[in-house]
Amino acid sequence: MADQRLTLADQVITNILGWIASNVIEDLDTEKALLRELEDVLPHVSKHHPRIAPMLPAAAELIAVRLATFDRRGLCGPKLRLAGPMADFFKWRAGLAIEAWRDRQTEESRP
């Protein structure tokens, strides 16, 4: 399997998009600040990473819609398109964490 490590830029984008996708309380100042950070980091993410690439269209759409007019009505579509790739990403990361946890538990239980 190809190297699937995340760069710092990949970690920034997934955390920002995770916040945007899951946030239900309107916080326009934070949203604007994070979208500006997203815009800055987007050119540096791993565009061919199998877990990052599916998020990129929605990320670009969020930036275009939200920073151009900052109209909350434009957020619904990109958030819906982001839900699937974000769920896949976190399922993948959970699987890696579970595997690491089980390996450590197995090592610790050895005499």
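Let's start with Arg81, which is partly exposed because its relative accessible area is 46%. On that scale, buried means under 20% relative accessible area, exposed means over 50%, and partly exposed is in between, with a 1.4 Å probe and protein chains only. The areas come from the Shrake-Rupley method, and for residues only the protein chains shown count as cover.

A word on the model. It is predicted, so local features need pLDDT of at least 70 and side-chain atom pairs count only at pLDDT 80 or more, while totals for chains, interfaces and linings use all residues. Residues are numbered from 1 along each chain as its sequence is written, and side-chain values use heavy atoms, leaving out hydrogens and water.

Now the overall layout. The chain has 4 helices and 0 strands. From the N terminus, the order reads α-α-α-α. Helices here are DSSP runs of H or I, at least four residues, and strands are runs of E, at least two, numbered from the N terminus. Of the 111 residues, 31% are buried. The chain exposes about 7,300 Å², and carbon and sulfur atoms supply 56% of that.

Next, contacts, meaning heavy atoms within 4.5 Å. Take those between residues at least 6 apart in sequence: 70% of them join residues at least 24 apart.

Back to Arg81. What does its side chain meet in a salt bridge? The side chain of Glu61, at 2.5 Å, N to O. This pair links distant parts of the chain: Glu61 sits in helix α3 (residues 56–69) and Arg81 in helix α4, 20 residues apart. A salt bridge needs a side-chain nitrogen of Lys or Arg within 4 Å of a carboxyl oxygen of Asp or Glu. Side chains of opposite charge can pair when their charged atoms come close. Glu61 is partly exposed because its relative accessible area is 27%. Searching the whole structure gives 1 salt bridge.

Helix α4 covers residues 76–109, and Asp103 is in it. With Glu99, Glu107 and Glu108, Asp103 forms a negative surface patch. Patch residues have over 30% relative accessible area and no salt bridge; like charges are joined within 9 Å, and nonpolar side chains (Val, Leu, Ile, Met, Phe, Trp, Tyr) within 5 Å. Asp103 counts as partly exposed because its relative accessibility is 42%.

Last stop: Glu31, in helix α2 (residues 28–41). Is Glu31 buried or exposed? Buried, because its relative accessible area is 3%. Its C-alpha atom is 9.2 Å from that of Ile16, 15 residues apart along the chain.

How values were computed:
Accessible areas come from the Shrake-Rupley method with a 1.4 Å probe; for residues, only the protein chains shown count as cover. Lys and Arg count as positive and Asp and Glu as negative; His and the chain ends are not counted. The place of a charge is taken as NZ of Lys, CZ of Arg, CG of Asp or CD of Glu.
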